Amino acid sequence: MFTELEIVERCLLLFSKPGRWTQKTCARNRSGKPVPVFSQEARSFDIEGAIRRAAGQDDRGAYARFVPIIKNQLGKHPFDWNDQTGRHQRDVVRMFEDLADEYRFKETP
């Protein structure tokens, strides 16, 4: 299993290219059709999908661990915040960057 920081860093890697973020579903293929998160066709992800994909198939509880942390940071449930009208990929990237900074700070002796 990956650490929380590793999962966040993997999410940032997923979102490092334009068009890799989506709304209203966990994952989409190149055509914009919803697909399972672990599908080989998945190309864009919402917050939940990115966390699940980054954590890997064996870590089924990753998203549940992140929900209270992200909710505390944003003041909303992650999928509500993700799906808000006017939200952009750069907003999601900033949220994950802030989260990564928090985890890095916690790991500093």
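Burial is described here by relative accessible area, where buried means under 20%, exposed means over 50%, and partly exposed lies in between (1.4 Å probe, protein chains only). The model is predicted, so that local features need pLDDT of at least 70 and side-chain atom pairs count only at pLDDT 80 or more, while totals for chains, interfaces and linings use all residues. Residues are numbered from 1 along each chain as its sequence is written, and side-chain values use heavy atoms, with hydrogens and water left out.

A salt bridge is taken as a side-chain nitrogen of Lys or Arg within 4 Å of a carboxyl oxygen of Asp or Glu, and by this rule the count is seven.

Select Glu 9 and Arg 104 to begin, whose side chains form a salt bridge with N to O at 3.1 Å. This pair links distant parts of the chain, 95 residues apart, with Glu 9 in helix H1 (residues 4-14) and Arg 104 in helix H5 (residues 89-107); helices are DSSP runs of H or I, at least four residues, numbered from the N terminus. Glu 9 is partly exposed at 35%, and Arg 104 is partly exposed at 36%.

Next, select Arg 52 and Glu 48, where the closest N and O atoms of the salt bridge are 2.8 Å apart. Arg 52 is partly exposed at 28%, whereas Glu 48 is buried at 15%.

Finally, return to helix H5 and select Asp 91 and Arg 94, three residues apart, or about one turn of the helix. Their side chains meet in a salt bridge of 3.4 Å, N to O, in which Asp 91 is buried at 17% and Arg 94 is partly exposed at 44%.

Technical notes. Helices (H or I, at least four residues) and strands (E, at least two) are DSSP runs, numbered from the N terminus.
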